[in-house]
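Subject: Structure handover

Hi,

My notes follow below it.

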Amino acid sequence: STEHTVADILNGAADVGFASLAVYSPNLQVTKLFEDELSLIVSKDHKLAKKRAASVKEIETEKLILFERGSSIRRATDQFFDQIGVRPDLALESNDTFFIKRMVERGLGVSLLPAWTVRDEVMAGTLSQLQISGHRLRRSVALVSLGRFQPSPTRAFISYILKHKAEIQAMAEGEKRTKP
């Protein structure tokens, strides 16, 4: 979660982290890295699987498999459900993307996940990805590090990530990488 990432960096347990915005601390250097969009994810056999978009009313009747509370994805989904006035029927919660995808594949519920995390399964036909009619669920992810002196390997890592920022954004949007 964002709180754990910030705490780990501030207490020296980590040099660099990735966190969902908004993050603020006078001791941290926070650089927006990319923005991604959450999509509705259903199994290939689900009644919505052949559709391109699902309505809020259709989602309302589903059992949801969501990230645990405190994660950036869960905050985004909770905020979305609050805005549309829906109390989701939770089937499961997890902090493991792989586990969530497998449970959706097995038909135990549907989920809201970043599109790039299910690209392989959608291409393989084991999961279907849908838009939510009339809504876009976007989140921003930042690179977070201490603002003070950083060891050379940390500076090199940050420099490398920032040099490839456009490619990371393209991947988050589902575009193919143009460079190796």
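The expected span of a helix is 1.5 Å times one less than its number of residues. Helices (H or I, at least four residues) and strands (E, at least two) are DSSP runs, numbered from the N terminus. This is a predicted model: local features need pLDDT of at least 70, side-chain atom pairs need 80 or more, and totals for chains, interfaces and linings use all residues. Residues count from 1 along each chain as its sequence is written, and side-chain values use heavy atoms, without hydrogens or water.

Helix 3 first. Its 13 residues (72-84) should span 18 Å at 1.5 Å a residue; the end C-alpha atoms lie 19 Å apart, which agrees. Buried here (under 20% relative accessible area, 1.4 Å probe, protein chains only) are Ser 72, Ile 73, Arg 74, Ala 76, Thr 77, Phe 80 and Phe 81. Just after the helix, Gly 85 has a positive phi of about 70 degrees.

Next, the strands. Strand 4 (63-67) runs parallel to strand 5 (89-94), with 5 bridges between them; pairing takes at least two DSSP bridges. Leu 64 sits opposite Leu 90 of strand 5.

Last, the cores. A nonpolar core is a set of buried Ala, Val, Leu, Ile, Met, Phe, Trp, Tyr and Cys residues joined through side-chain atoms within 4.5 Å. The largest has 29 residues; Leu 40, Phe 80, Phe 81, Leu 112 and Ile 132 have the most contacts inside it. A second, separate core has 8 residues, including Val 6 and Val 144.

Best wishes

Methods: Buried means under 20% relative accessible area, exposed over 50%, partly exposed in between (1.4 Å probe, protein chains only).
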